[in-house]
Structure formats: C-alpha cells, structure tokens
Amino acid sequence: MAVPTISVVTSVYNGAEHLRQSVESVLGQTDMDFEFLIVDDGSTDGSTAILAEYAARDARMRVIEQENQGLTKALIRGCAEARGEYIARHDGDDLSLPGRFATQVAWLQAHSEAAFVCCWSYCIGPAGEALFEVKRSGEAEACMTGLLEREEAEFRDLRARLDLLVYSVSWFN
C-alpha cells in the first residue's frame with residue numbers, strides 16, 4: 001500500500017449533526033493524496049452509522065472505533081495510526097475549503113526549515129453565517145509564541161511534519 005502524502009486525523013464524539021458536511025469537505029480535497037482517519041470516540045448519536053456509510057464508499061477513509069476516552073486520547077490514537085508524511089487535524093464539525101491541504105503541503109515542501117503550518121479560520125454560525133475570522137500572520141517566531149501562549153490558539157488547523165511531530169510527542173511523553 002502506497003504511503004499517502006497526508007493523513008487527516010479527526011475525532012468524533014456524538015457529532016452527527018455536522019458530520020456529513022465535515023466529511024464531504026475532506027473527501028472533496030483537490031490535488032492531494034491522503035488518507036482520512038476518523039476516531040469514533042464512543043458516539044451514541046448515529047455518528048457511527050454515518051462514518052460506516054462514507055467509509056464503505058471511499059477507500060481513503062478509515063474509521064477507528066473505541067470506547068469514549070476523550071478528545072486527547074482519541075487524537076493520539078489517530079496520529080499513531082497515521083501513515084502519511086504529514087498529519088492534518090480536522091475536527092468533526094470543521095469544513096475545509098477545496099485545495100486547503102494541497103496548499104499547505106506545497107508550502108511545507110517549499111520551506112524545509114518549517115515543522116508546521118497553520119491557516120486562517122472562519123467561524124460560522126448554526127445557519128452557515130460568517131461570525132468572524134481568525135488570521136495568523138507575521139514572522140514565524142511571533143506566530144509560534146502566540147500558539148504556545150494560546151492567545152491565538154486553535155490547534156485544529158495545524159499541519160505537522162510527521163517525523164518532527166513524533167519526536168516532539170515522544171519528548172513530551
């Protein structure tokens with residue numbers, strides 16, 4: 001089996017309401033070889049059936065079912081199963097614009113000194129209305145400081161080099 005360029009890792013716990021749109025936004029990514037790992041963290045609301053339906057139709061998607069252990073443990077499990085050169089985080093209620101992952105991977109490949117990349121985020125309301133946007137810009141050091149201090153901080157849009165991420169997680173543990 002070929003190694004995908006990117007592994008998209010998602011955790012879902014009772015997220016059926018927004019799950020279809022979220023999954024479709026990942027499966028609709030353009031110009032990118034990826035696997036889509038979704039950890040179903042003990043859902044009881046129909047999320048499991050929705051995930052099984054999509055996984056049966058698309059070989060890029062792999063569902064990992066487990067008893068509810070919480071977001072962190074579910075994401076650690078998803079990252080441990082990832083085979084891609086890069087890992088992308090995507091929440092079960094996120095929507096990714098087409099070409100998002102391809103753009104981010106291209107930037108990382110052009111900047112070998114970078115370990116991760118973030119993106120702008122648009123927060124939308126229940127009717128799909130734009131509420132506000134979160135933009136990160138500036139020098140890498142300032143962006144990193146903001147992320148570490150969690151002033152700007154949403155980690156769901158983080159893309160990381162798997163080799164550096166594994167080293168960091170091993171060091172952290």
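The questions and answers below concern a predicted model of one chain.

Me: In what order do the helices and strands of the chain run from the N terminus on?
Reply: The secondary structure amounts to six helices and eight strands. From the N terminus on, these elements follow the order β-α-β-α-β-α-β-α-β-β-β-α-β-α.

Me: What percentage of the residues in the chain is buried?
Reply: A residue counts as buried when its relative accessible area is under 20%. The chain has 173 residues, and the buried share of them is 41%.

Me: Is helix 1 roughly parallel or roughly antiparallel to helix 2?
Reply: Two packed helices are described by the angle between their axes and the distance between the axes. Helix 1 (residues 16–27) and helix 2 (residues 47–57) have axes 9 Å apart and pack at an angle of about 25 degrees. Angles under 35 degrees count as roughly parallel, so helix 1 and helix 2 are roughly parallel.

Me: Which residues of helix 2 meet helix 1?
Reply: Helix 1 passes helix 2 in a right-handed crossing. From helix 1, the residues A16, L19, R20, V23, E24 and L27 take part. Their counterparts in helix 2 are S47, I50, L51, E53 and Y54.

Me: Which residues form the uncovered face of strand 6?
Reply: In a regular strand the side chains alternate between the two faces of the sheet. Strand 6 covers residues 121–124, and its covered face holds S121 and C123. The uncovered face holds Y122 and I124.

Me: Which residue in strand 7 does Y122 stand opposite?
Reply: Strand 6 and strand 7 run antiparallel and are joined by four bridges. Across this pairing, the residue of strand 7 opposite Y122 is E133.

Me: Which residue takes a positive phi in the hairpin of strand 6 and strand 7?
Reply: Five residues lie between the two strands of this hairpin. A positive phi near 85 degrees is taken there by G128.

Technical notes
Residues numbered from 1 in each chain as written. Predicted model: local features only at pLDDT ≥ 70, side-chain atom pairs only at ≥ 80, totals over all residues. Heavy atoms only, no water. Buried < 20%, exposed > 50% of the residue type's maximum accessible area, 1.4 Å probe, protein only. Pairing = 2+ DSSP bridges. Axes fitted to C-alpha atoms, helices over the stretch in contact; angles between N-to-C directions. Parallel < 35°, antiparallel > 145°, perpendicular 65-115°, else oblique. Left-handed = near helix turned anticlockwise from the far one by under 90°. Contact = heavy atoms within 4.5 Å.
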